[in-house]
Amino acid sequence: MLRRAKKLTVALSVLAGLFAACDKSFAVNELKVMSFNTWSVEDTATGRDAIVEIVKKSGADVVGFQELDHASEIAGALGWYSQELPKSSTHVMSRYQIVSASTNGFGAKLALPGGVNAWVYDTHLPAYPYQPYDLRDNKVAKNEAAVISAANSARGSQMAEILADIAATGKEATELVFLTGDFNEPSCLDWTQAVADSTARSYDIKVDWPASRSVLNAGLKDSFRTVRPDAVNDHGYSWTPRPAANEVFDRIDFVYYDGQEISVKKVENIGIDASKADTDIAIAGYPSDHRAVLATFEYSEAGVDAGKNILTSMDVLAGQGALEVQGTVNYGDEAVTVTGWQAFEMSAQGELTASSDIVFADSSELVCGVTVNKAGNYVLRLTVDVDGEAVSDDMELVVFEDSCKAAKAVGSWQADQYDVNGDCIVNVSDFALYSDKWLSSTALSESRYFTSSYYSKSSVIAGATGLATNAAIPADHGSNMANTPHISLAWSPTGGSNNANNQWESYSSWPGGGDGGLVYQMGSVPVDEYKSFEIVFTPEAGYNVQLACLSLNVWSGGGNTDVNWTVSGATSGELGSGVFNTPDGAVREHEINVSGVSSEALTLTLTQTSGDGTYLAMDDLVFGEIELVE
């Protein structure tokens, strides 16, 4: 039977991953934004000193304050800029210059490093009547519509004022927007049916709380739930670190955000007692009745970016049509005009000459179709005019004659055993060559031996029966399975407790996850210190290990993720390696297709190099055993 070689897909995916590692992008800056209800403790010098110390220890760059009446003293002690807002002792303070106020005065415009501007709004919504207390005390019907109506009556008009100011002020496409505040109302993302079913509180019901819903509908995102989406197990209560009898704990302090070139990296609650699950950062003598919320963001500096480098081939292009390049410009308020795209052919020595083999559909558009008429190495240059100054950025376009040559460019490509002529496809040409060698030696005798192999059925690890969310993966999980009884596994490192360390752990309810959504989460904390994960496959004597493929899951919000992989044999050394690239929010199967020799143990090592370290998981690991028969 004729069949296509399988190695081609693997080689191309590896090459594309290696090529993507060279891509340029805007320089990235970090920004820490805090929402802090101070409980008016700054009425004394001791209280003011405590607030200043908390801000310094947090590392915050911008703070939206509520219940703060001595802003000038606090700003002076910090050496910061300050803008007073019109509602309930609210203020925006920043280590960066405040350049203007919003249309109706509920926010301030900041000039951030890297030529980027940000609008920061702050609010303190009315505290009473407080519907969670009313539900507890049977003062409002345990009915979602009744609760929403009561919440709208208490806070709807003030919430509408703030959102109207955000809409009236507007923003440039590259500007950032933040909304901080004590909403005195829970989040619609927290009071879900799943959360209500999981708590022991008799008054918990599903409520689509209107204040938070209106902010989300306006296009802003809840930073806490973006990076900590498990509302059932991760409450993040900001109210209150100072509980009274029969208290109703909840998350009522928020940092919302919006912007094209921004991502949230982590969100932490600041409080008194580190032993409390809802306190991520404990500060001795913390004075407030609210936990402060500290969100850490990354945003791109101003500039022009021609986009990601592209590697492809003429036969691939023939099947999908023209390419599309996607340039990006990030210059805040400055006047920017797209001058256009240019194409250059690059020689082996790196010299550039103008090329007519690349045709742009409309070279004056940032996003533009591209037709390629000849294989080669090209540079595509995007130029823009920024207030009279020409600024350019280049991307590389490498086009092979066909996908087979692209695959071979990796260096580790191997032809299928039936691809005799090495053209990446098994057809009658290979059969003609193969038949010449068929039975070329018939001198078998009793003194001759021949060796063959017997492949067992594959085992698929697609969820651990009996394990639950945050459970540690047993070190020997998957050993001696029914289809692979002669292979034992050793996972490292293992652990639980919701990513307290770099570890393998079981986690459920992932989008596209395996059995019941269960996956093998690869927790890496902190998220920007990527670490390695290993599984060792040890066969019994007389058996070899074959690693076939695995799937990687990236939860939406984790960013495009690259994972370096290697398979090493105990005696052979490195047998295979490459890069698995998985887009944000996707589940992608990645092929390995590596076998050991001489009954050696194989070590599969996965090292994440980009993306959010707490948003990566493995699923559907497929491996088999090969019995050696003489």
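Reader: How many cavities of 30 Å³ or more does the count come to?
Author: The model is predicted. A cavity here is a space where a 1.4 Å probe fits but cannot get out. By this rule, with 30 Å³ or more required, the count comes to one cavity.

Reader: Which residues lie nearest the centre of the largest cavity?
Author: The largest cavity holds about 120 Å³ of space. Its lining is made up of 14 residues. By class, the lining has six nonpolar, three polar and five charged residues. Nearest the centre of the largest cavity lie D190, W191, V195, R201 and Y237.

Reader: Which cysteines form a disulfide?
Author: A search of the whole structure finds one disulfide. A pair of cysteine sulfur atoms has to lie within 2.5 Å to qualify. Sulfur atoms 2.0 Å apart belong to the pair C404 and C424.

Reader: Where in the chain are C404 and C424?
Author: The disulfide of C404 and C424 links distant parts of the chain, 20 residues apart. C404 is in helix α10, residues 403-408. C424 is in the loop between α10 and α11.

Reader: What is the handedness of the disulfide of C404 and C424?
Author: The torsion about the S-S bond of C404 and C424 is about 70 degrees. The disulfide is therefore right-handed.

Reader: Is C188 buried or exposed?
Author: Buried means under 20% relative accessible area. C404 and C424 are both buried. C549 has 12% relative accessibility and so counts as buried. C188 has 6% relative accessibility, so C188 counts as buried.

Notes
Residues numbered from 1 in each chain as written. Predicted model: local features only at pLDDT ≥ 70, side-chain atom pairs only at ≥ 80, totals over all residues. Heavy atoms only, no water. Helix = DSSP H or I, 4+ residues; strand = E, 2+ residues; numbered from the N terminus. Buried < 20%, exposed > 50% of the residue type's maximum accessible area, 1.4 Å probe, protein only. 1 Å grid on protein atoms, 1.4 Å probe; cavity = no way out; pocket = protein on both sides within 12 Å on 5 of 7 lines; lining within 4 Å. Points joined across faces, edges and corners; volume = space filled by probe spheres on them. Nonpolar A, V, L, I, M, F, W, Y, C, P; charged D, E, K, R; others polar.
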